[in-house]
Amino acid sequence: MPMWVFLLIIFGGILLFGVVYDRITKRKITAKDIQTGIKNSSASNMVYKETFLNEQRNDIHDNQQY
């Protein structure tokens with residue numbers, strides 16, 4: 001087996017591992033961040049976030065009916 005094929009396999013494996021690890025950690029952080037972000041904010045910011053989330057929920061619901 002040529003040396004460049006061996007190095008390509010090693011670097012490809014490391015790159016693939018990094019991509020998978022990044023995707024998994026971003027999903028976990030995003031799920032936690034949405035729940036705790038609303039709890040740890042000021043009152044005016046909390047109202048803004050809840051209004052935005054409610055509008056998004058309504059938009060999704062309205063689009064699913066068509």
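**Charges, rings and surface**

Tutor: This is a predicted model. The count of salt bridges comes to 1.

Student: Which side chains meet in that salt bridge?

Tutor: Lys26 and Asp22. The N to O distance is 3.5 Å.

Student: Where do Lys26 and Asp22 lie?

Tutor: Both lie in helix H1, 4 residues apart. That is about one turn of the helix.

Student: And Asp22, is it buried, exposed or partly exposed?

Tutor: Asp22 has a relative accessible area of 35%, so it is partly exposed.

Student: New topic. How many aromatic pairs does the structure hold?

Tutor: The structure holds 1 aromatic pair. The ring centres of Phe17 and Tyr21 are 6.2 Å apart, and their planes are at 20°, so the pair is stacked.

Student: How far apart are Phe17 and Tyr21 in helix H1?

Tutor: They are 4 residues apart, so about one helical turn separates them. Helix H1 covers residues 3–39.

Student: Are those two buried or exposed?

Tutor: Phe17 is exposed, and Tyr21 is exposed too.

Student: Let's zoom out. How many helices and strands does the protein chain have?

Tutor: It has 2 helices and 0 strands.

Student: What share of the residues is buried?

Tutor: 3% of the 66 residues in the protein chain.

Student: And the accessible surface, what does it come to?

Tutor: About 6,400 Å² for the protein chain. Carbon and sulfur atoms account for 65% of that.

Student: Which residues make the nonpolar surface patch?

Tutor: Met1, Met3, Phe6, Leu7, Ile9, Ile10, Phe11 and Ile14. The patch is about 880 Å².

Student: Pick Leu7. Where does it lie?

Tutor: Leu7 lies in helix H1. Its relative accessibility is 37%, so Leu7 counts as partly exposed.

Terms used. Residues are numbered from 1 along each chain as its sequence is written. This is a predicted model: local features need pLDDT of at least 70, side-chain atom pairs count only at pLDDT 80 or more; totals for chains, interfaces and linings use all residues. Side-chain values use heavy atoms; hydrogens and water are left out. Rings of Phe, Tyr and Trp (its six-membered ring) pair if their centres lie within 6.5 Å; planes under 30 degrees apart count as stacked, over 60 as edge-to-face and the rest as tilted. Buried means under 20% relative accessible area, exposed over 50%, partly exposed in between (1.4 Å probe, protein chains only). Accessible areas come from the Shrake-Rupley method with a 1.4 Å probe; for residues, only the protein chains shown count as cover. Patches are made of residues with over 30% relative accessible area and no salt bridge: like charges are joined within 9 Å, nonpolar side chains (Val, Leu, Ile, Met, Phe, Trp, Tyr) within 5 Å. A salt bridge is a side-chain nitrogen of Lys or Arg within 4 Å of a carboxyl oxygen of Asp or Glu.
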